[in-house]
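Thank you all for coming; I would like to take a few minutes to walk through one protein model with you, going from the overall fold down to a few individual residues. Please have a look at it first.

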Amino acid sequence: MCSTATLVLTSSGVRPARPVSVVSPSVPGPPGPGEVRFATFNAALTRPTAGALLAELAGPGGAQPRNVAEIVQRVRPDVLLVNEFDHDPGGMGPRLFQDRYLSVGHRDAEGIVYPYVYTAPVNTGVASGTDLDGDGRVVTEPGSVAYAGDAFGFGLFPGQYGMVLFSRYPILADRARTFRTFRWADLPGALLPVRPDTGARFHSDEALAVLRLSSKSHWDVPVDVGGRRPVHVLASHPTPPAFDGPERRNVLRNHDEIRFWVDYLSRDAGHVYDDEGRRGGLAPGAPFVVAGDLNADPAAGDGHPKAITRLLEHPRVRDVEPSSRGGLGAAALDAAAAPSEGHLRADYVLPSAELPVGRAGVFWPAADDPLFRLTGDHPFPSSDHRLVWVDVGRP
C-alpha cells in the first residue's frame, strides 16, 4: 500500500525514486543448469470464517499475504506447495493470490507467475457425523471448536487449512492421486489411541468406521519438469502432535500420517488405496519430492519421532538438511532458554535418493538482514513457519 507522501509526489508529477535493490544473504541465486527449485511454505493464509480469505485477497491488499508473496518472489521456487491456504471449491483463492499478489512485484522483488495450479478438497472442517473428540457430543454445525473437534480434520469450516500446489511446469492433474478418504483403521499396525486409565479404544466402533487418516489430505501430484520422467510431489500437512489429552490421539495420528508416506514408498503397499479406489504405492524408481509441514522433529518437540525418522532414513529418500542464518540464531537462543527443546524442524522438502541435488536452504533472515522484516518476531508479519527450498536435477 502506498504511503500518503508517495501519493502526493505522484500526483504532483514528481517521480519517486526507484527502490534500491536489496542485497540479502537469504536470497538464493537461480537454480543451476538442469535444476528445478522445489519449495514448501506453511504460509498461514487461513482465516477463522469461510470466505474471509477470499474477501481479503479480493480487497485492497493485506500486509500479511503481501509479505508471503514477497518471500515467494525472493526465493522464486519453480514448484511450490503452500500449506494453510483455505480451500474454496471454485479455486478462486489461488487465482486471486496469483493475480493480486504473486504477479505484482513487492518492493524491489519481481512478480512471479505460476501458470499451473493444483488444489483439491481437504478433510479439515468436514463434519464426520460422529463423536471424534470424545466429549460425548456430536456437533455438525460449523463455526465452533466443538464442531472442529468432531470434523475429520480440525477446522471451523470445510476447507480451512487447505493446500495448494503452484508450478511453473505443467501439472499432470489427470494422473494425480489423492488419499483423503483412506481410513486410519485401514493402515496396518495403526497407532489407534486408547484410554490410558482403562486401555479401551478412545474412539468408538462407529467413529473408527469413518475416521480418515489424513487430517487434511495426502496428494501424489506428478509435475512435468522437462526431464525424461515427471517428478511426483507427495504433499501433505499432518495434524500437529498437540491439543489432545492423555490418549495422545493427535500425536499418534501425526505419526501415522507421516508413516503413510513410508508405506507408499515401500514395495509392500497393497493396503494403500486412493480416492478412486486404485491400490498400491508409488512405482519403484519413480522420482519424487516429499513436501509439506509435517509437524514433526526427529530430535525434539511433542511429536512421536519414530515416523519422521523412518521417513528421513528411508532408502528412497534423501535429506539435505537445509539451514539458514536466522534459523541457526533462533536455535541457539531456544537452546539457551530451554535446552530440552531447542529449535524445532517441521517443514520438509525431501527428494528421492536417485535425484541429483544442488543447493538448499530455508528463507529465514537473521536480525541484521534487511529482509528480516518479512519474517520477524511474534506477531509474525508473514507466518510462524519458514519457506524451505531444495534445487533438484531433472530426472
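Among contacts in the protein between residues at least 6 apart in sequence, 77% join residues at least 24 apart, where contact means heavy atoms within 4.5 Å. Please keep in mind that this is a predicted model, in which local features need pLDDT of at least 70 and side-chain atom pairs count only at pLDDT 80 or more, while totals for chains, interfaces and linings use all residues. Residues are numbered from 1 along each chain as its sequence is written, and side-chain values use heavy atoms, with hydrogens and water left out.

The protein has nine helices and eleven strands, these being DSSP runs numbered from the N terminus, with helices (H or I) of at least four residues and strands (E) of at least two. The radius of gyration is 21 Å, which agrees with the value near 21 Å that a compact globule of 395 residues would have; the radius is taken over C-alpha atoms, and the globule rule is 2.2 Å times the number of residues to the power 0.38. Along the principal axes, the C-alpha atoms fill a box of roughly 75 × 50 × 45 Å. Of the 395 residues, 53% are buried, meaning under 20% relative accessible area, with exposed being over 50% and partly exposed in between (1.4 Å probe, protein chains only).

Let me turn to one helix. Which residues of helix α8 are buried? In α8, which spans residues 305-312, they are Ala 307, Ile 308, Leu 311 and Leu 312. These cover an arc of only 130° around the axis, which puts them on the same side of α8, the arc being that of the directions from the helix axis to the C-beta atoms. The cover over these buried residues includes α7 (249-264), β8 (288-293) and β9 (347-351).

Arg 177 lies in strand β5 (residues 177-178) and counts as buried because its relative accessibility is 10%. Leaving aside neighbours within four places in sequence, Arg 177 is in contact with several residues, among them Asp 220, Tyr 264 and Asp 274. Glu 70, for its part, sits in helix α3 (residues 63-75) and is buried, with a relative accessible area of 2%. Not counting residues up to four places away in sequence, Glu 70 touches His 106, Arg 107, Ala 109, Leu 371, Arg 373 and Leu 374.
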